[in-house]
Amino acid sequence: MTSMDRRGFVAAAAGAAAAAVALNPQTAVAVSETRGTLPSAPTDTEGLPYEDEGDFADADRGFIAAFAGGPIKTAAGKVAWDPDAYRFIGEQKSEPDSVDASLWRQARLLSRQGLYRVTDRIYQVRGLDLSNMTIVEGDTGLIVIDPLISAETAAAALRLYREHRDPKGARPVKAMIYTHPHVDHFGGCRGVLPDGTEGVEILAPEGFMEHAVSENVYAGPAMARRSAYMYGAQLPIGVKAQVGCGLGLNVSLGTVGLIPPTRYITATGQEVTLDGVRIEFQMTPGTESQAEMNFLFPDLRAVCMAENATHTMHNIITLRGAQVRDAHAWAGYLTESIGLYAGKADVAFASHHWPTWGDASIVALLTHQRDLYGYLHDQTVRLINQGRTGPEIAETLKLPPQLDQVWANRGYYGSISHNVKGIYQRYMGWFDANPAHLWQHPPVEEAKRWVECLGGQRAARRQARRYAERGDLRFAVTLLNHAVFNDPGDRDAKRELAGLYTRLGHGMENAVWRNFYLMAAQELKEGIKPATSATLGPDMYMALTVGQLIDSMAVRVNGPKAWDLRLAVDWHIGDTYWHLRLANGLLTWTTSADAAEDAGLTMTMTKPQLLALLAGKGTDGITMTGAPALLKRLLSVLDAPDPVFPIVTP
């Protein structure tokens, strides 16, 4: 569809919407939220090479069969993933007016699902979770790369493979590889290895466990809440709501496990042979993850780029929350990848999206992605040194046309705007050096003063409407956000803000920005819904060390409640004594035999008993010597995380 065709379609849809209002006045409010030309997105999607259908040919190449088993459910009957939920994207004949044209193209590419042949002995299952699961046929068994988020979807993916490649199940899983410690690359491990791991090698990059725990346990509750916005998992699926995440379609909602690696990859050039298959590794720490690796199958002439080179601009800082990534290092490792893999691979595949075939195309993809991250880094730092702040740089920095027109560089998942702010944050922190921003009021107190200056609640809404009518939706939502935080009971302010968020969402090329806006609109209209997320299985917690479990308690200590509390408790687990000390509102621990003071309570237990204790299941089977009341006092100062804290209301 040409640019003129797209504009004509939007205009025709607007006319149809107006007719619908005339026929049914009750729909006026809902339709008015999306009527007319969509708001401008942070990036321009006009003039893109829509006539280039190469990605569609690559996305369909090697197709064997779709998963036809219907919704994939957990043991409790909850739908973990519906493989047919996005079928409407491929079936819709024309581009909807409520989805940006470029994002709709990406959604069409991602809506394909099933088993695909990548090259000799390498297969992928796509569209059964946010990520891909790759299966490599070894001499006697299988090597599984990145087993999705949930055990249920991973098991379904393996069933689909076996149905078409190994119907008798003669090939056992001999090895598993985690490319990096994000949950969509390890969480479904138990779906691949339900009966144990004896004799199975599990490889991961050095630092894997440390970062898997920091994201999924320490800050896990807050990240999970924000992830609901980022992925839109609670949104309806459809052209006016969730149409994917840019990186994939959505997150599965099954059971998350974690089987610790049996071997770590520590250096670029390290070679491992798994079930007769040679693999050469490249370490890429600080790129898409703090611990990540690419790897070449030299005899199969295939390279796995993990999540370092995909068909979208990725995140330097992800909106769900995470440590800021290093754009400079990312670009540097891609330069190294070009040197390592040029001329040695006929296909490059990744943990998301579709493969790239041919040496020239592989080098072009890596070069374009390298230049993307390198340009964002260097130009942001240049402008930092000219005194620009993060928002100022984000507002003005543009990619060169030769990078901007590359489909794989478009901002479906990451964006120039929030990536630039992430680079600024990495170097300069949150403060822009303007003292007016050093000690600002928190949101509610600032909102009260804004609304007072505007002349009250009604005046604030009136001014917001004026800005919306001018097309400045960005400032209109700023004013209405202040109105909502000033008076959360103002239904008109919430309704009007929800309408503007909907309009903004429908205009976004970036899928996660779209989901954020539409989730905000839904929450303003319907309130906070119970959390919808995958279930952390026992593997996840058993994989933690005792020290990590204590640290997960420490970040829950309510400091003010514990200011005047001082206690010492020892945990005797296996052959080790863990000396816990609470003082000055801080919980610390050591395994040193030279504990600073005698413990008032010693608890002898197994690790499963400790997990049961921390889960609130009591102290059955635990031997306690000393004063059991100390345990009660310690537990009494631990806050429970809030899985449904408000985001768009105070």
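Predicted model: local features only at pLDDT ≥ 70, side-chain atom pairs only at ≥ 80, totals over all residues.
## Ground rules

Local features here need pLDDT of at least 70, side-chain atom pairs count only at pLDDT 80 or more, and totals for chains, interfaces and linings use all residues. Residues are numbered from 1 along each chain as its sequence is written, and side-chain values use heavy atoms, with hydrogens and water left out.

## Helices 8 and 9

Let's start with helix 8 (residues 208-218) and helix 9 (residues 220-231), whose axes come within 5 Å and cross at roughly 70°. Helices (H or I, at least four residues) and strands (E, at least two) are DSSP runs, numbered from the N terminus. Axes are lines fitted to C-alpha atoms, for helices over the stretch in contact, and angles run from 0 to 180 degrees between N-to-C directions. Helix 8 is therefore roughly perpendicular to helix 9 (65 to 115 degrees; under 35 would be roughly parallel, over 145 roughly antiparallel, and the rest oblique).

Glu-215, Asn-216, Val-217 and Tyr-218 of helix 8 make the contact (heavy atoms within 4.5 Å) with Gly-220, Pro-221 and Met-223 of helix 9. By class, that contact has 4 nonpolar, 2 polar and 1 charged residues. Ala, Val, Leu, Ile, Met, Phe, Trp, Tyr, Cys and Pro count as nonpolar, Asp, Glu, Lys and Arg as charged, and the others, Gly among them, as polar.

Next comes an open sheet of 6 strands in the order 12-13-14-15-16-17, with mixed pairing (two strands pair if DSSP finds at least two bridges between them). Its edges are strand 12 (271-274) and strand 17 (356-357), each pairing on one side only. Strand 12 runs antiparallel to strand 13 (residues 277-283), with 4 bridges between them, and Val-272 has Ile-279 in strand 13 as its bridge partner.

Helix 10 (residues 327-341) lies across strand 13, strand 14 (293-297) and strand 15 (302-304), at about 150° to strand 13.

## Helices 18 and 19

Further along, helix 18 (residues 491-506) packs with helix 19 (residues 511-526) at about 160°, their axes 8 Å apart. That makes the two helices roughly antiparallel. The crossing is left-handed, meaning the near helix is turned anticlockwise from the far one by less than a right angle.

On the helix 18 side, the residues that meet helix 19 include Leu-497, Tyr-501 and Leu-504, while Tyr-517, Leu-518 and Leu-524 are among those in helix 19. The class tally for this contact is 9 nonpolar, 3 polar and 3 charged residues.

Strand 19 (residues 567-573) pairs antiparallel with strand 20 (residues 576-583) over 7 bridges; here Val-569 stands opposite Leu-580.
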